[in-house]
Amino acid sequence: MNLFNRGVMSRRKAPPIPSQRTAGSPASPTTTAVLPDPALADLTGEWVIDPAHSRIGFSVRHAMVTTVRGAFAEYESRLYFDGRNPARSRAEIVMSTASVDTGVEQRDAHLVHRDFLDAANYPRIRFASTAVQFAGDDLYRMTGDLTIKNTTRPVVLELTYIGHVTDPFGEERVGFDGTTTFNRSEWGLTYNSRLATGGAMVSEKVRLQLDIAAIRAPVSAG
């Protein structure tokens with residue numbers, strides 16, 4: 001399923017704003033625009049995440065002294081990267097809530113229970129980008145809507161471009177790492193228990209970590 005419509009609405013350009021500098025006043029210093037590497041233009045197009053070489057993961061502090069890590073094993077994705085104009089790039093990832101895996105069966109069962117993710121009533125977790133900004137070097141800032149349990153709130157992913165390669169099978173691959181941190185209670189994930197010594201069993205902050213290896217999507221016929 002194609003999650004994106006690549007058509008772009010035409011927009012009438014606004015007239016330029018005349019300069020307000022008065023005669024004799026010094027000109028403002030010129031600001032040099034931060035532009036992406038021109039070689040990235042060849043990467044423009046649609047991509048899909050390769051689940052065999054990617055990880056949609058998360059980590060959270062447990063009992064205030066250790067970190068529990070997990071991932072979503074099942075998800076669908078569609079990415080569009082514009083190497084000439086990164087602002088036109090976009091992404092959507094839809095994760096199966098019940099596919100959460102922390103390596104401990106009992107803990108996973110609790111996470112999909114109504115105390116936390118309530119997979120029976122909310123089977124999908126969705127991230128959809130709303131804006132992308134090139135931040136310099138290999139860094140990008142992607143703002144998007146994260147939906148958990150029918151609550152949608154904005155988050156900002158800090159993305160790092162890792163590289164691009166053609167594998168021995170002729171597939172074009174591109175790599176990105178991304179991370180963001182959010183407060184789980186803002187999405188209705190409020191369950192917790194208190195430690196005898198004080199403090200919470202499960203941290204309020206959740207770190208979302210994306211290790212992405214994407215394959216160029218085949219061009220559809222017609």
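The questions and answers below cover salt bridges and cavities in a predicted model.

Residues are numbered from 1 along each chain as its sequence is written. In this predicted model, local features need pLDDT of at least 70 and side-chain atom pairs count only at pLDDT 80 or more, while totals for chains, interfaces and linings use all residues, and side-chain values use heavy atoms, with hydrogens and water left out.

Me: How many salt bridges does the structure hold?
Reply: A salt bridge is a side-chain nitrogen of Lys or Arg within 4 Å of a carboxyl oxygen of Asp or Glu. By that rule, the number of salt bridges in the structure is eight.

Me: How many residues apart in sequence are the parts that Glu46 and Arg78 tie together?
Reply: The side chains of Glu46 and Arg78 form a salt bridge at 3.8 Å, N to O. Strands here are DSSP runs (E, at least two residues), numbered from the N terminus. Glu46 lies in strand β1 (residues 45-49) and Arg78 in strand β4 (residues 75-81), so the parts tied together are apart in sequence by 32 residues.

Me: Is Arg78 buried or exposed?
Reply: Buried means under 20% relative accessible area, exposed over 50%, and partly exposed in between (1.4 Å probe, protein chains only). Arg78 has 12% relative accessibility, so Arg78 counts as buried.

Me: Which strand holds Glu158, the partner of Arg141?
Reply: Arg141 and Glu158 form a salt bridge, with their closest N and O atoms 3.1 Å apart. Arg141 is in strand β8 (residues 139-148), 17 residues apart from Glu158, which is in strand β9 (residues 151-166).

Me: What is the volume of the largest cavity?
Reply: On a 1 Å grid over the protein atoms alone, a cavity is a set of points where a 1.4 Å probe fits but cannot get out. Grid points are joined across faces, edges and corners, and a volume is the space filled by probe spheres set on the points. For the largest cavity, this comes to about 300 Å³.

Me: How many nonpolar residues are in the lining of the largest cavity?
Reply: Lining residues have an atom within 4 Å of a point, and the largest cavity has 21 of them. Ala, Val, Leu, Ile, Met, Phe, Trp, Tyr, Cys and Pro count as nonpolar, Asp, Glu, Lys and Arg as charged, and the others, Gly among them, as polar. The lining has two polar residues and one charged residue, and its nonpolar residues number 18.

Technical notes
Helices (H or I, at least four residues) and strands (E, at least two) are DSSP runs, numbered from the N terminus. On a 1 Å grid over the protein atoms alone, a cavity is a set of points where a 1.4 Å probe fits but cannot get out, and a pocket is an open set with protein on both sides within 12 Å along at least five of seven lines; lining residues have an atom within 4 Å of a point.
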